[in-house]
Amino acid sequence: MKGLGELERSIMDILWAQSTALTAREVGRLIADRDLAPTTVMTVLDRLTRKGFLHRTRDGRAWRYAPAATRDAYVAELMLEALDMTGDRSAALTRFAQGVSGPEAEILRRALTELEDE
Amino acid sequence: MTTAAVLAALATACGLGSWCFTTARWTSRAPKTAILLWQALGVSWGLASTGAMLAFAVQPYGEGVLHGLVSFATGRSPLVPWDALHVVAMVAGLTALAVLVAVLLTAGVQTLRARHRHRTLLALISHDDPVLPGVRVLDHPSAAAYCVPGLRSQVVVSQGALSLLSKDEMAAVLAHEAAHVRERHDLVLLPFAALRRALPWSKVVRDAQAQVELLIEMAADDRARRYCSPRRLATALLRFGTAGAMPTPHGMLGVGAHNLMARVDRLLKPAPELPMSLRYGAVALSVTLVTSTPFLWIYQL
């Protein structure tokens, strides 16, 4: 039995790979772990919806689930924070170093070449 | 009256001291000592400036800031009746204190929330790399390496950083991030970031925050160089600096390159250590600052 976090992750992966919204039963069929109880899938889908990562729509008696945003959008969100480009300069993360552009990058590039040549 | 005057003088001294300290040159030779002094300046400035107003305000009670405030809160009548000036000082002092506390708390909560969201997303979209156990990898071509601090800190690198750096350089970057985790540099930054949000127009606060940001990077570099080659750390820094696949954030342009070169220079050619006397002097000053303001809050001169 996988942990809840692991399960959330595989379910998101399944839904990201699909072009249409899926029902809990369809997700259950696609998941690698066949022994999973249908209620567990439902629980995880519900959790992900409450966290805002999934949208659900009524389809007859079942719900259909689809990702709220693409995987790339979430990666981009994390990268914006990682590169300190959200503009709020909070202390949420500590970063190694930041990129520099324009003529200043040229100075750094020269310093790097010198170092590598030595 | 003396207490209020001394606290006001102390607040002014901290303000002026901070202003001078933003351009101090010795800080890069002893980043940890400098960070300590910055923290001491910040704490005593906050306590002294609010304390000065409150000390004046609770004068009618004649029993010091803290006891005076308690008497005020419990509704005891003062020895001397209130006059307009003392009421104004009371309102101003309490407002300033409330704003300071509220700003710090808000910043703390916002930071925790941002981290929680970041962590949740990481759990969904980052993956492990067999080469780097314990490190989360993000699929993005730009170079990024950072740490999400907390009780269970996570070090994250992007695919871009992985392809940019050699194995030794990556080890150096990870040593640097591990230093941030170990020394809880996020907690050092938090109050300065909060203060900056509270006083966005203040140049001293802005400079102080920028200084502290640079100093914690230098402190992390210093710790990392014990476990990796400083040269590899320097080349990793330069590679990161030149990788700039993303446009630089507003207003960070000149400072970014300058700070990066400063870090590279001190990795390659470490300056002689700060003389013992200066170092102890700075520590003694910090301790004096941090102890004197609470003392003045409790005892009346």
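Among contacts in chain A between residues at least 6 apart in sequence, what percentage join residues at least 24 apart? The share is 40%, where two residues count as being in contact if their C-beta atoms, placed from the backbone, lie within 7 Å. The structure is a predicted model, in which local features need pLDDT of at least 70 and side-chain atom pairs count only at pLDDT 80 or more, whereas totals for chains, interfaces and linings use all residues. Residues are numbered from 1 along each chain as its sequence is written, and chains are lettered from A and ligands numbered from 1 in the order in which they are written.

Chain A contains five helices and four strands, these being DSSP runs numbered from the N terminus (helices H or I, at least four residues; strands E, at least two). Read from the N terminus, the order of its elements is α-β-α-α-β-β-α-β-α. Along the principal axes, the C-alpha atoms of chain A fill a box of roughly 65 × 30 × 25 Å. The chain is divided into domain 1 (4-67) and domain 2 (71-117), with bounds that come from an automatic or database domain assignment, and the C-alpha centres of the two domains of chain A lie 36 Å apart. Of the 118 residues in chain A, 31% are buried, a residue being buried if 20 or more other C-beta atoms lie within 10 Å of its own, exposed if 12 or fewer, and partly exposed in between, with C-beta atoms placed from the backbone.

Between the chains, 39 residues of chain A are in contact with 53 residues of chain B. Among the elements that give two or more residues to the chain B side are α4 (84-125), β3 (145-148) and β4 (154-158), and α4(B) gives the most, with eleven residues. The residues of this side divide into 31 nonpolar, 17 polar and five charged, where Ala, Val, Leu, Ile, Met, Phe, Trp, Tyr, Cys and Pro count as nonpolar, Asp, Glu, Lys and Arg as charged, and the others, Gly among them, as polar.

Strands of both chains also share an open sheet of five strands with mixed pairing, in the order β4(A)-β3(B)-β4(B)-β2(B)-β1(B), two strands being paired if DSSP finds at least two bridges between them. Its edge strands, each pairing on one side only, are β4 of chain A and β1 (127-129) of chain B. Strand β4 (residues 94-95) of chain A runs antiparallel to β3(B) and is joined to that strand by two bridges, with Arg95(A) having Tyr146(B) as its bridge partner. Four bridges join β3(B) to β4(B), also in antiparallel fashion; here Tyr146(B) stands opposite Val156(B), and Val148(B) has Gln154(B) as its bridge partner. In a regular strand the side chains alternate between the two faces of the sheet. In β3(B), Ala145(B) and Cys147(B) point one way and Tyr146(B) and Val148(B) the other way, and all are buried.
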